[in-house]
Amino acid sequence: YGFSKHDIAVLFVGGFGASMLFGTFIGAAADKLGRKRLCQVYCVLYLLSCVTKHARDYWVLMLGRVLGGIATSLLFSSFESWMVCEHNARGYDSAALNDTFSLMYFGNSLCAILAGMMAEAAADIKGLTTFSGIWHYGGYCSPFDLSATFLLLGFGLICALWSENYGSGTEASSGCSDLDRPVSQMKSDSSILMIGGVISLFEGSMYIFVFNWTPALITPNEAAPPFGLIFAAFMVACMGGSSLFSILSSSMPSERILTYVFLLAAIALSLPLVSGAVLGSSTIATLCAFLLFEACVGMYWPAIGTVKSMIVPEETRATIYNIYRVPLNMIVLVVLLNHISTLTAFTCCAVMLLLAFLL
């Protein structure tokens, strides 16, 4: 739509800021009102966010980012909270949770590859076209229409197939109406607090990586590399990581796997610094380091999901999951609002990952 890079950065700030401000209250609502219900709300909010992308109006787009930010808080808390509670309520073997998380993130990476291909195809069907005033269709709006279709499908499946569950097992429960109980639980159990630190540090470094991997692979005076293929390779590395977790988890506890993941990820994101200094900005060496980091990401998601399921109390699970995202969003906002160099960005990532390893 022709907005400046600064304006677009502010739009991203709006999304992450909304996630930070409303996330904790949304999490408490999920524990109190029901995880299934809030997963349905996620579908509605993100569908509305997709609709706003059709408007060439900055404040309509900002509204969409705010709705998307709130929805993202639900995406990263309510769904997992519902699944863990339902798994335990049905009396399934706790060890099977490892397999569920591994399959979930393996499938997530596969879906990311397919979604990228479908989005590219949808965007190429018809160019961006004005149909009334500020409203447009076609072009890069089409992938959002495709996304809305899948949101409607997901909403229908949730309505038809899911049962409801709550933070305490009953809808009329008290104790999740504010943040006093989850905060006191975090204070009384250092493990709950340290998991939050680990999540913020690792996922914060992951978001910094997302903002900086493309410029890190661009070599001056040379053609840009095939970013679409590289992204697909990243997703394949993620799938490999989640599959490796499934193998390792049968003989090693998830928390031990996480320590190795953090150390390996710190080494991976230190390699671009070394390759740039020693090899004169070697693109191949940097790409290999990034693939290693993505494999670590693939192992991280099922491992952290398993550890959270064991340590975070069921009655305040969704609330605490969202509290964990507050410092994470603060890290992302600091990165977005400050124009740090690629070298500084990867240095920060390596330091944060080493801190996660220590925690």
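**View 1. Contact of helix 5 with helix 6.** Met-118, Ala-119, Ala-122 and Ala-123 of helix 5 meet Ser-142, Pro-143, Leu-146 and Phe-150 of helix 6 (contact: heavy atoms within 4.5 Å). Seven of these contact residues are nonpolar, one is polar and none is charged (Ala, Val, Leu, Ile, Met, Phe, Trp, Tyr, Cys and Pro count as nonpolar, Asp, Glu, Lys and Arg as charged, the others, Gly among them, as polar). The model is predicted: local features need pLDDT of at least 70, side-chain atom pairs count only at pLDDT 80 or more, and totals for chains, interfaces and linings use all residues. Residues are numbered from 1 along each chain as its sequence is written, and side-chain values use heavy atoms, without hydrogens and water.

**View 2. Crossing of helix 5 and helix 6.** The axes of helix 5 (residues 96–125) and helix 6 (residues 142–161) come within 7 Å and cross at roughly 125° (axes are lines fitted to C-alpha atoms over the stretch in contact, with angles from 0 to 180 degrees between N-to-C directions). Helix 5 is therefore oblique to helix 6 (under 35 degrees is roughly parallel, over 145 roughly antiparallel, 65 to 115 roughly perpendicular, the rest oblique).

**View 3. Helix 8 against helix 12.** The axes of helix 8 and helix 12 (residues 317–337) come within 8 Å and cross at roughly 35°. Residues in this contact include Ile-195, Glu-203 and Tyr-207 of helix 8 and Tyr-324, Arg-325 and Pro-327 of helix 12. The contact has 14 nonpolar, three polar and two charged residues.

Technical notes: Helix = DSSP H or I, 4+ residues; strand = E, 2+ residues; numbered from the N terminus.
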